[in-house]
Protein chains: 2
Amino acid sequence: MTTNTGPKWVYNFGAGQADGRAEMRALLGGKGANLAEMSNLGLPVPPGFTITTEVCTYFYKNGETYPPDLKAAVEAALKHVGELADGRFGDAARPLLVSVRSGARASMPGMMDTVLNLGLNPETVAGLAAQTGDERFAYDSYRRFIQMYSGVVLEVDHGHFEEILEDEKEQKGVELDTDLDASDWKRIAERYKAKVQKVLGRPFPDDVYEQLWGAIGAVFGSWMGARAKTYRRLNNIPEDWGTAVNVQAMVFGNRGTTSATGVAFTRDPSTGERILYGEFLINAQGEDVVAGIRTPQSITKSAREASRSKRLSMEEAMPDAFAELSRIASRLEAHYRDMQDVEFTVQEGTLFMLQTRSGKRTARAALRVATEMVNEGLITEDEAVMRVDPSALDQLLHPTLDPDAPKELITTGLAASPGAASGEAVFTAEEAEHAASDGRDVILVRLETSPEDIHGMHAAKGILTVRGGMTSHAAVVARGMGRPCVTGAGTLKVDVERGTMTAGSFTVSRGDIITIDGAAGKVYRGRVPMLLPEMSGDFATLMQWADARRRLGIRTNADTPADCETARRYGAEGVGLCRTEHMFFDAERILAVRQMILADDLAGRKAALTKLLPMQRSDFHGIFRIMQGLPVTIRLLDPPLHEFIPHSDEEIAEVAKAAGSEPAKLRARAIALAEANPMLGHRGCRLGISYPEIYEMQARAIFEAQLDAEAETGTPVHLEIMIPLVGFKSELDFLRDRIAAVAEAVEKERGKKPVYMIGTMIELPRAALMAKEIAGTAEFFSFGTNDLTQTTLGVSRDDAGSFLSEYLTRGLIERDPFVTIDRKGVGELVEIAVKRGREGRPNLKLGICGEHGGDPDSIRFCHEAGLDYVSCSPFRVPVARLAAAQAALANTREKD
Amino acid sequence: MTTNTGPKWVYNFGAGQADGRAEMRALLGGKGANLAEMSNLGLPVPPGFTITTEVCTYFYKNGETYPPDLKAAVEAALKHVGELADGRFGDAARPLLVSVRSGARASMPGMMDTVLNLGLNPETVAGLAAQTGDERFAYDSYRRFIQMYSGVVLEVDHGHFEEILEDEKEQKGVELDTDLDASDWKRIAERYKAKVQKVLGRPFPDDVYEQLWGAIGAVFGSWMGARAKTYRRLNNIPEDWGTAVNVQAMVFGNRGTTSATGVAFTRDPSTGERILYGEFLINAQGEDVVAGIRTPQSITKSAREASRSKRLSMEEAMPDAFAELSRIASRLEAHYRDMQDVEFTVQEGTLFMLQTRSGKRTARAALRVATEMVNEGLITEDEAVMRVDPSALDQLLHPTLDPDAPKELITTGLAASPGAASGEAVFTAEEAEHAASDGRDVILVRLETSPEDIHGMHAAKGILTVRGGMTSHAAVVARGMGRPCVTGAGTLKVDVERGTMTAGSFTVSRGDIITIDGAAGKVYRGRVPMLLPEMSGDFATLMQWADARRRLGIRTNADTPADCETARRYGAEGVGLCRTEHMFFDAERILAVRQMILADDLAGRKAALTKLLPMQRSDFHGIFRIMQGLPVTIRLLDPPLHEFIPHSDEEIAEVAKAAGSEPAKLRARAIALAEANPMLGHRGCRLGISYPEIYEMQARAIFEAQLDAEAETGTPVHLEIMIPLVGFKSELDFLRDRIAAVAEAVEKERGKKPVYMIGTMIELPRAALMAKEIAGTAEFFSFGTNDLTQTTLGVSRDDAGSFLSEYLTRGLIERDPFVTIDRKGVGELVEIAVKRGREGRPNLKLGICGEHGGDPDSIRFCHEAGLDYVSCSPFRVPVARLAAAQAALANTREKD
């Protein structure tokens, strides 16, 4: 029957051998490939088989139908599994039960839930009871199967089953599941089936093959489900990867007190410490641990002691199985050369491995694991640098709570994901998303989280749940996202309807500010002051390795001395963009700015500018002092003037009064300055050309501050003056001459020559094309990729919300081009400008100051495009340092 | 003294020979080169010399100083002129008097006024009186010189001199200049000089060399004057061309009744008829004719008779001089192979030629001259095609007054420039410019025009003056600009202060609508209905020659059947852009459009779209019927939805009522749809992707109309459906699939397959770069160069007013990039897209539908870039046909 010459759709594993291996992730999915690998290693893996991702691709390319030869292949594989597991699928005497699990190339938490105990029906359950001599176990397994299969495959609401269970317990007058016996479970199973019949209008399937194909279809169906699509979009996973399906002989963790199920990490996923770390539940099936329904026990004795739990650890309760698990964990880590996250089941004292994969970890843990594995000789420094996700580093760079600050503790839970965050309490994912889109910080508070909450968890600054452990959905997802998270805060009572949470005497209402400390598992009332993180230890080590490997310089976008200080602490090597307009918004200054805008003539404008001069000079002085010895790029005024004047009647009246002007005049000026498309309007160098006196004032403030700072520190200021929005060389020439004249004037007055470079932003397609010509005047270019993206794509970032997310959902674009540079379009213009700019001036200095400068994928592009540096926000500087190193390593590797 | 080996700064001419020749325009200016050429031809040219344009360039490159050896060269040349003219510069007995005229490479009306009679002072004027025996002539010449020199060189207001002259006439009790005698002019000259001394605080120069260098300096100075700069900007003349200075021995048209001065065209500049055409004044100096102070007489008897003048023509009054002029005119035309505009003076019966140049002509005349010269064997068809300025053709294509329409004649003047125009009467150039910038049509009414009025004449739809003849400033400039013009409407009384003009019982106030007919010299009250011009005769001939030579196809941008009819009459070969949104604004439809926008869900939108479907279908049906057999490109909805809903409270209330909705809902929707930068917002294909039902409705309307029209006419509709604002191939793919599905549905319903091509606009830089990929789906590209210019340059056309004109004034850019395509920036993107697009699809059809499609320089670019067609507004179609032919000829020539 399996003599087809087409693709091999089904891969077997088990009994110390397998058709596949770890490298076949793309075909077998991560789970399937690793089950094969573990089998090949001789580890105790229940036998099974994997239906490949190519079947999924075939399924969606062929109107949701299977390859014709799949059925025979699955049946043959089932037979083989039965032989190894000493059973037969659907056999009433020795029934083979299987689990069905999805398994894509990349781990996708919460895509398709596992179905366990598949193969049970009135006949086989009786056989199972007879075979195991444990009727209670058999019918408990049966009702679990009906419940899981109905929820996952048949999409029957799980509330129906909970209702029945509650009713049964009430009738019997008991509270715990363990108080129910075999006949209870048997009756419950019948009631479940009757409910399914009632809800669906058709019976629950008793045919085991119908059960199996239903579950396989549900796995493939979930690949195109809304949740999976959202996850793929957020994680940049292409749709055509597809998912595999793993069918595996059941082993049971619920066969009594010598059975258990659990998950473990080969190192602590929160701290990275080299200890076996995990949780398990005695007499339970796998989903009980992950779902957070029962609070699990620690694996190690030391962990139990640390948490002051009285319930025995696995190390104490099942010393043999624990020793075997420890041995296998070490073996797997050495084999995969990375920290592993494993699932296991102990069936009547025997350990079985159900899964291994690279363990998700916090950035702190990633750092520690990477650096310690280098010290252990397991990986090289290059590998360590490549191992840490730069985006995840971000979470390390968030502030922590000030230990000395007064705090009002509301409650304590588990320290599920490190970092601290403050924000308004909200109780649904929708609220979280909505508030975040308004720019408000929120903490998402949930009883427990589920995949439906992912978008809200993304939008929130932190997550707090009442239930669940360290490996609950909330904890795993939050760590992946780098969000601080506290789970299992069991004393909290949450009322979603009323929008309140209470703990003892505390009541927090929707919108009240709370603070969570994900590293300590604490929840506080109000906003608690925070401290900047220390940049030492593993972090410093990895950064040192990264710095030794990167070619790109890393600068920062900083407008104030405070920004500059932060950035220097994070390792910035200069300022790549100092926006001067932010300085204009200070309460004291905005008045002078508005007087300038309202002035009727040049003399009036100059009078107002004269007031601004000393303020601007002192701004620059502060920055130059901090950045001494490093380059500082200052961009002259960029935004259109109407941004500085108010538009509502009330504000106009207020400002007119303060400015000693008439509201009517202010309103007229506001109307005259209003623009249809301000992004493409009278701004940037166009302002400097219409009102050269503005740029002349700024140039004077810069030069005077430069000479002052140099005199004070004795160190030269490496000054780069940058002209924004240049499209024509003539614009730059015009302004270069004006600035040079100011420099000469200052030199005459001070007797010392201001040394500076003049350059331009490349943020218009025309500027990129004219780069050779423009480089005749410009001594440096800085790519303003925000505006370059807006003009090249013809997309206003302010207005893109109404369609860009839809483009991502529909798969019309792969990435948000404002987050990761559009390589094909904007990228080509950057490459053209680099090539032509260097033709015009071989030693042209090239950098990027758009927000892409802090995005790892964009940084890789900048490396490949041959830029000299990237510039990003102060908190992103370490991210950029690491990403730049990875870009250099990746390119070296590709060239090898 | 002239043994220098550097450049030759001074070129002599006169007495049948010259240093220069006609080809040396760049060096000698047009006037100087032609004076040299006429001398070489043996024509009677008063001797003189030309100071080259290189001196002007030197002057401005060297801090406004002259080459050191210039002085000696000028003195030597003056000596030579004196020898030929039998006099000596500054000599009291036989004084040589000279004229000083500017003369740039291109004729620039109104740059520097001529100075005549230079070399007169108290001594030489006495000598001139003695030499000529005509004291009145001598002192009249002297006072003219003082007046002209003071005005032009010393910049003393001419009002001072008019005041003195009026005072003298009043004291003597006379009205005419001719009533003043020698002693009067002598006294007047003294009073003039005293006034200059008083105004300037220094005496009028008596030193003849001081006079000469003053005049030369004034010529160079005027090159950088504001007027000259404006003219150069409007006419795209580079600043570094410079002007030459012509110094020439005086001949006098004011030596009594056997003397005269005049201007003549070798053909009628208004109609092109092959007759000598011109005006002259007996006993006058040259400026009298041009300035329009005295109304001149006709040159030919037939012209006098046609105008029913009683004053003798030159043909009758001076038959010998007339015969000589006719002979020379023929000779010049044959020599230059083009219609000439000559200036002459008759001194005591002897004819002297002072200038010849290519005559400015109306488009009608240009057509006739070009076609007739081909028939006469003077030029080739190719030359004829190259001879007509496509931009000027525009004036032929404007409507003329409906002869049968009722009209209320206000007054009659001279038919100075053909064409008819209606608009609000305005009385200053500033008003004209202001109103035009508001989009209002205006007629500029002036006593007479001067170079200060040029910007207002540009802004006006037509020009009406009280004074001046057919060669007055207003007439010459208006013809050059293609503006209808009536001059010499002497019965009008204009009160600029009060903003009124009166003629008999009529009073027209500022803002009242008037209509002028420049072909008949008539002025009417109100708006007179107009007729479309006939496209036959010379026009048809030249178009036929043009069509035989062009490679580019010419299509039209037309949204209605009426537009299509006009365009076909003008020779359009298809529709290159049919904008469907204009159809939505019809009163009947806008309601359904708004219902669609206000709908809460897809069903509501579909219901509203169902109402629009039959309306859109009938629009397309009308267009397809007219354009049968020709290609029609229909662009699906492009503008953002907020353009269709009102924003003021009153309008919102009104619309809400009509749409059966709440004002609050409408307002909320308006706010939700508002965008920061609509140009870069939710529009074009982005709308079609968010609301596929809109494009589906449009596609259905198009296909149904296509099948209807094909059934009706039996001719296929060459349908091209165009998707706007594509930046990603995926956008086009998504919409292509939807449209194909509609086509299939219509085919099923109708049993006939709609045949169509699908293509896209290239209007974003990214689309240009991705052209190869996009051409995988698109069967044609149409360059939307309006938006491509906006995005490439980062300039919003709506907001560019505040800085682009300043850029032009400051010389930062040469052309308005929204009028003539920016070759370096936008042009390179077009070239990239052409190359890559054809790589992706070798038979890709390429066109342009931005407004550049009607601009001759841009059309030349399109030819060179290898496009297949250009598309422009219906009235520009003939302009485009001719420009396309010229582009083809110019390129053939360059390749030869």
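This briefing walks through charges, cysteines, backbone angles and distances in one structure. What you're looking at is a predicted model, where local features need pLDDT of at least 70, side-chain atom pairs count only at pLDDT 80 or more, and totals for chains, interfaces and linings use all residues. Residues are numbered from 1 along each chain as its sequence is written, chains are lettered from A and ligands numbered from 1 in the order in which they are written, and side-chain values use heavy atoms, with hydrogens and water left out.

**Salt bridges**

- Let's start with a count: there are 139 salt bridges over all chains, where a salt bridge is a side-chain nitrogen of Lys or Arg within 4 Å of a carboxyl oxygen of Asp or Glu.
- Arg368(A) pairs up with Glu372(A), and their closest N and O atoms are 2.9 Å apart.
- Both Arg368(A) and Glu372(A) sit in helix α14 (residues 363–375) of chain A, four residues apart, or about one turn of the helix. Helices are DSSP runs of H or I with at least four residues, strands are runs of E with at least two, and both are numbered from the N terminus.
- Arg368(A) counts as partly exposed because its relative accessibility is 25%; the scale here is buried under 20% relative accessible area, exposed over 50% and partly exposed in between, using a 1.4 Å probe and protein chains only.
- Asp453(A) meets Arg446(A) in a salt bridge of 3.4 Å, N to O, and Asp453(A) is buried at 4% relative accessibility.
- Over in chain B, Arg700(B) and Glu749(B) form a salt bridge of 2.8 Å, N to O. Arg700(B) lies in helix α27 (residues 692–713) and Glu749(B) in helix α28 (residues 729–750), so this pair ties together parts that are 49 residues apart in sequence.
- Salt bridges with shared partners also link Asp167(A), Glu168(A), Lys172(A), Asp181(A), Asp184(A), Arg187(A) and Arg191(A) into one network.

**A negative patch**

- Asp157(A), Glu162(A), Glu166(A) and Glu170(A) gather in a patch of negative charge on the surface. Patch members have over 30% relative accessible area and no salt bridge, with like charges joined within 9 Å and nonpolar side chains (Val, Leu, Ile, Met, Phe, Trp, Tyr) within 5 Å.
- One of these, Glu162(A), belongs to helix α6 (residues 159–172) of chain A, and Glu162(A) is partly exposed with a relative accessible area of 41%.

**Cysteines**

- How many disulfides does the structure hold over all chains? The count is zero, a disulfide being a pair of cysteine sulfur atoms within 2.5 Å.
- Cys872(B) is in no disulfide, and the nearest cysteine sulfur, from Cys862(B), is 10 Å away.
- Cys872(B) is buried, with a relative accessible area of 3%, and Cys485(A) is buried too, at 0% relative accessibility.

**Positive phi angles**

- Glu155(A) has a phi near 55°, a positive value in a residue other than glycine. You'll find Glu155(A) in the loop between α5 (135–152) and α6 of chain A, and Glu155(A) is exposed at 67% relative accessible area.
- Leu725(A) has a phi near 60°, again positive in a residue other than glycine. The loop between β28 (718–723) and α28 (729–750) of chain A holds Leu725(A), and Leu725(A) is buried, with a relative accessible area of 0%.

**A distance along chain A**

- Val819(A) sits in the loop between α32 (804–809) and α33 (823–840) of chain A, and Val819(A) is partly exposed at 46% relative accessibility.
- Val819(A) and Pro205(A) are 614 residues apart along the chain, and their C-alpha atoms are separated by 48 Å.

Methods:
Areas by Shrake-Rupley, 256 points an atom, 1.4 Å probe, with all protein chains shown as cover. Lys, Arg positive; Asp, Glu negative; His and termini not counted. Charge placed at Lys NZ, Arg CZ, Asp CG, Glu CD.
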